[in-house]
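This briefing is for a reader new to the structure. Please look over the sequence and the model before reading on.

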Amino acid sequence: MTMITTMTNTLTNYLGYEFVQNALMAGTLSAILGAIVGYFVIIRNAGFAAHALSHIGFAGAAGAAILGLSSLEGMLLLTVGSGLFMGAAGDKVHRNDLAIGMVLSMSLGLGTLFLSLYSSFAGQAKAILFGNIFGVSGGQIGEMVILSLLSLAALAIFSRRLLFASTQPRLAEARGLSLPGLSMAFMAVLAVSVTLASQIVGILLVFTLVIAPAGIALRLCRSFWRGISISVALGVAAVWIGILLDCITGYPATFWITALFFILYILVEVYVRFFTRSDH
Amino acid sequence: MTPALQISDLTLSLGGHEILSGVNATIEAGEFIGIFGPNGAGKTTLVRAIIGTLPPTRGRVEVLGQAPGKAARQIGYMPQGHAGFDSTALSARALVEAACHGDRWGIPWTSRKSKEEVDRVLEVTDASHYAGRPFSVLSGGERQRVMLAQALLGEPKILVLDEPLASLDPKNQALLIECVARVKRLTHATILFVAHDMNPLMQVMDRVLYMAGGGAVLGKLDDVVTSASLSRLYGFEIEVVRVENRVFVISAEGNVAESECAHHDHDHDHD
């Protein structure tokens with residue numbers, strides 16, 4: 001009983017701190033955007049592109065230090081640029097693994113170069129790779145709100161076409177939709193959401209926010225809107241629980257978020273394989 | 001009356017390689033046309049020209065008197081093969097809903113009217129009772145009836161079905177053909193049905209478009225599918241054998257040009 005009281009007190013204390021509030025705010029934003037964009041990533045089979053974009057962001061962040069930009073700006077510049085390139089290179093991105101792989105390795109090479117040129121960046125590099133959820137400033141939150149709103153607004157404009165083109169590309173093409181155009185627009189939005197997510201969980205763990213909630217939702221939900229809602233709910237819940245557990249235990253939020261998703265994934269797989277109707 | 005499809009002196013190329021040349025054909029509204037030919041004869045290439053995703057190198061295609069791209073909404077199209085959603089639980093209905101007015105801007109909201117439209121097309125192809133299940137658990141025949149339902153959205157005047165029978169067993173082939181025949185009775189749509197084997201379609205089709213050797217002939221089955229006519233088209237000797245209302249097209253070397261269809265499942269005309 002006393003333990004629970006202590007924990008509640010600790011939590012209440014932490015929730016009063018600005019850095020915790022900022023973390024929750026930033027985490028919620030990137031979880032929502034990641035969950036929605038991730039839904040399309042799974043449907044389009046574009047997991048590798050999402051993975052590559054986050055790593056490409058590393059070079060952007062490292063290069064930004066040299067150019068005097070913030071790491072967020074540097075990452076955005078490079079990921080959106082590469083996203084547009086990948087989108088233009090192939091309407092079906094997963095058919096284009098070689099192009100993605102080449103862009104990815106070149107960017108990591110550049111990242112290494114920048115890191116060696118600018119050694120004081122090394123400390124920041126760890127934060128970029130593994131995330132620094134409690135290091136998000138009020139100014140960054142402002143940037144993140146604007147970027148999330150822009151991305152969601154873009155999706156609100158073309159998501160109907162995107163869903164059609166992602167599920168039935170040949171049909172969509174026959175209806176006059178431009179597959180490369182949609183692909184580029186989507187990759188730009190994906191680049192933004194990957195960059196935002198990496199501010200929270202780090203570049204190496206972007207999958208956690210972009211792939212995990214949507215992937216789990218898509219294993220369970222048969223309709224688009226239910227899938228999107230479950231995906232967002234899972235993403236936001238995991239981020240909040242992860243951050244609060246970090247406050248209580250002192251173990252990193254990123255670890256808790258990934259662990260929550262992994263456990264959930266195992267449970268869902270067991271459920272889908274053994275408890276859903278397989279008769280047909 | 002404007003023909004459903006007017007093809008004049010049509011030449012189509014892919015990557016600088018001529019696939020079809022000098023094809024002429026006029027298809028009247030309401031006809032059921034079977035389109036046949038060996039692999040690589042350009043069946044899918046012709047389909048792409050009709051739906052407007054491949055511009056002609058020479059000649060022209062007119063769909064209901066319009067350029068193919070302009071007439072896109074008049075065409076219900078069923079592509080060859082189907083997208084893989086084996087890792088998701090997305091239902092067949094969700095896929096059809098995504099295709100319903102999928103070319104509009106905005107968010108993928110399905111209005112009540114669209115829901116009714118989706119219900120209607122699933123009903124026509126006898127797919128409503130399983131449309132709530134994940135697409136990934138459906139059998140080949142069930143999937144094809146969902147894809148056919150999708151092609152019926154918006155009450156198209158022309159249906160272009162690219163190898164819908166590929167990889168189906170005879171029972172499911174018959175079911176699908178019955179569906180298409182029912183659609184034709186209900187809507188009087190023009191049907192362009194690409195298939196590998198003409199035998200399952202004998203009872204329902206009005207005319208045959210036979211493609212081979214870069215060319216094509218259109219006409220009644222009895223006029224087109226004869227040894228003389230097909231030999232001229234292929235450019236070498238072809239024998240047409242009829243056994244109790246069934247037709248087999250055989251080349252002189254004994255290669256069977258047609259009836260390999262039974263084990264012909266991952267079909268992609270290499271064009």
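Is the crossing of α2(A) and α12(A) left-handed or right-handed? The crossing of α2(A) and α12(A) is right-handed; a crossing is left-handed if the near helix is turned anticlockwise from the far one by less than a right angle, and right-handed if clockwise. This is a predicted model, in which local features need pLDDT of at least 70 and side-chain atom pairs count only at pLDDT 80 or more, while totals for chains, interfaces and linings use all residues. Residues are numbered from 1 along each chain as its sequence is written, and chains are lettered from A and ligands numbered from 1 in the order in which they are written. Helices (H or I, at least four residues) and strands (E, at least two) are DSSP runs, numbered from the N terminus.

**Helix α2 of chain A and its partners**

- α2(A) and α12(A) pack at an angle of about 150 degrees, their axes being 8 Å apart; axes are lines fitted to C-alpha atoms, for helices over the stretch in contact, and angles run from 0 to 180 degrees between N-to-C directions.
- The two helices α2(A) and α12(A) are therefore roughly antiparallel (angles under 35 degrees count as roughly parallel, over 145 as roughly antiparallel, 65 to 115 as roughly perpendicular and the rest as oblique).
- Residues of α2(A) in this contact include A:Val20, A:Ala23 and A:Leu24, and those of α12(A) include A:Gly227, A:Ile228 and A:Trp240; residues are in contact if their C-beta atoms, placed from the backbone, lie within 7 Å.
- By class, the contact of α2(A) with α12(A) holds 16 nonpolar, seven polar and no charged residues; Ala, Val, Leu, Ile, Met, Phe, Trp, Tyr, Cys and Pro count as nonpolar, Asp, Glu, Lys and Arg as charged, and the others, Gly among them, as polar.
- The axes of α2(A) and helix α9 (residues 179–201) of chain A come within 9 Å and cross at roughly 145 degrees, in a left-handed crossing.
- Among the residues that meet there are A:Ala26, A:Leu29 and A:Leu33 in α2(A), and A:Phe186, A:Val189 and A:Leu190 in α9(A).
- The contact of α2(A) with α9(A) divides into 12 nonpolar, five polar and no charged residues.
- A:Phe19 also belongs to helix α2 of chain A, and with 14 C-beta neighbours inside 10 Å it counts as partly exposed.
- The C-alpha atoms of A:Phe19 and A:Ile266 are separated by 32 Å, the two residues being 247 residues apart along the chain.

**Burial and the nonpolar core**

- Helix α11 (residues 212–220) of chain A is mostly covered, with seven of its nine residues buried; a residue is buried if 20 or more other C-beta atoms lie within 10 Å of its own, exposed if 12 or fewer, and partly exposed in between, with C-beta atoms placed from the backbone.
- The buried residues of α11(A) include A:Pro213, A:Ile216 and A:Leu218, and the buried residues pack against α2 (18–44), α10 (206–210), α12 (224–249) and α13 (253–275) of chain A.
- The largest nonpolar core has 172 residues, and those with the most contacts inside it are A:Leu190, B:Val96, B:Val160, B:Phe193 and B:Tyr210; such a core is a set of buried Ala, Val, Leu, Ile, Met, Phe, Trp, Tyr and Cys residues joined through C-beta atoms within 7 Å.
- Leaving aside neighbours within four places in sequence, B:Val160 is in contact with residues including B:Val47, B:Ile75 and B:Leu192.

**Helices α2 and α3 of chain B**

- The axes of α2 (residues 92–99) and α3 (residues 112–124) of chain B come within 10 Å and cross at roughly 120 degrees, which makes α2(B) oblique to α3(B).
- α2(B) passes α3(B) in a right-handed crossing.
- B:Arg93, B:Val96 and B:Glu97 of α2(B) make the contact with B:Ser114, B:Val118, B:Val121 and B:Leu122 of α3(B).
- The residues of this contact are four nonpolar, one polar and two charged.

**Where the chains meet**

- The contact takes 29 residues from chain B and 27 residues from chain A.
- On the side of chain B that touches chain A, the largest share, four residues, comes from α2(B).
- That side of chain B divides into 17 nonpolar, nine polar and three charged residues.

- B:Leu64 has a positive phi of about 50 degrees although it is not a glycine, and lies in the loop between β4 and β5 (75–78) of chain B.
- B:His188 has a positive phi of about 55 degrees and is not a glycine either; B:His188 is exposed, with 10 other C-beta atoms within 10 Å.
- B:Arg60 is in strand β4 (residues 58–63) of chain B and touches B:Ser8 and B:Leu10, not counting residues up to four places away in sequence.

Notes. Contact = placed C-beta atoms within 7 Å.
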